[in-house]
Amino acid sequence: MIHLTDDRFAQNLNSLFDEDCDPDSIAVAVSGGSDSMALCLLLQKWCRNKGVSLLALTVDHALRADAAAEAMLVNKWMQDHKIDHKILTRTGPKPNAGVQEFARNARYEMLFEE
């Protein structure tokens, strides 16, 4: 079953690029949740087959006490899978309200900046 998933993922990703226009590198956001981990591992296989460099990015919003430790756990998982990884850490004051929206906006800004 996993093999079929790998093939379908590769076919869909291949359809995004012309044969002569594969990217040199791809960055992927990885939170440590099952969805982003699965995406990262599927991308790793595709990138290896295409000779494309993969960089996994994890955002530490610095809004919860456990956030840094969670980002380091993702870093360990990426090391275990031999995937280049970078933790992006937000600095600055914490919001008093609208924390989810603040975190989402900060995450997108940091990822796009990177």
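**Figure 1. Salt bridge between Lys 86 and Glu 114.** Lys 86 and Glu 114 form a salt bridge in which the closest N and O atoms are 2.9 Å apart. Lys 86 belongs to strand 3 (residues 84–89), whereas Glu 114 lies in the segment after helix 4 (99–113), so the pair ties together parts that are 28 residues apart in sequence. Lys 86 is partly exposed, with a relative accessible area of 36%; Glu 114, at 43%, also counts as partly exposed. This view, like those that follow, shows a predicted model.

**Figure 2. Salt bridge between Asp 80 and Lys 76 in helix 3.** The side chains of Lys 76 and Asp 80 meet in a salt bridge, with an N to O distance of 2.8 Å. Both residues lie in helix 3 (residues 67–80), where they are four residues apart, about one turn of the helix. Asp 80 is partly exposed, its relative accessible area being 47%. Lys 76 is likewise partly exposed, at 43% relative accessibility.

**Figure 3. Salt bridge between Arg 64 and Glu 70.** A salt bridge joins the side chains of Arg 64 and Glu 70, at 2.5 Å from N to O. Glu 70 has a relative accessible area of 38% and is partly exposed. In total, the structure has three salt bridges.

**Figure 4. Strand 1 and its pairing with strand 2.** Strand 1 pairs with strand 2 (residues 53–60) in the parallel sense, over five bridges. Within this pairing, Leu 54 of strand 2 stands opposite Ile 26. Together with helix 2 (residues 34–50), the two strands make a right-handed β-α-β unit.

Figure 5. A disulfide is a covalent bond between the sulfur atoms of two cysteines. The structure holds zero disulfides. For Cys 40, the nearest cysteine sulfur is that of Cys 47, 8.8 Å away, and Cys 47 is likewise in no disulfide. Cys 40 is buried, with a relative accessible area of 0%, and Cys 47 is buried at 2%.

**Figure 6. Arg 107 over the ring of Tyr 108.** Arg 107 lies over the face of Tyr 108, at 5.8 Å from the ring centre. A search of the whole structure for aromatic pairs finds one.

Technical notes: Residues are numbered from 1 along each chain as its sequence is written. This is a predicted model: local features need pLDDT of at least 70, side-chain atom pairs count only at pLDDT 80 or more; totals for chains, interfaces and linings use all residues. Side-chain values use heavy atoms; hydrogens and water are left out. Two strands pair if DSSP finds at least two bridges between them. A crossover is right-handed if, with the strands pointing away from the viewer, the path from the first strand over the helix to the second runs clockwise. A disulfide is a pair of cysteine sulfur atoms within 2.5 Å. Buried means under 20% relative accessible area, exposed over 50%, partly exposed in between (1.4 Å probe, protein chains only). Rings of Phe, Tyr and Trp (its six-membered ring) pair if their centres lie within 6.5 Å; planes under 30 degrees apart count as stacked, over 60 as edge-to-face and the rest as tilted. A charge sits over a ring if NZ of Lys or CZ of Arg is within 6 Å of the ring centre and within 35 degrees of the ring normal. A salt bridge is a side-chain nitrogen of Lys or Arg within 4 Å of a carboxyl oxygen of Asp or Glu.
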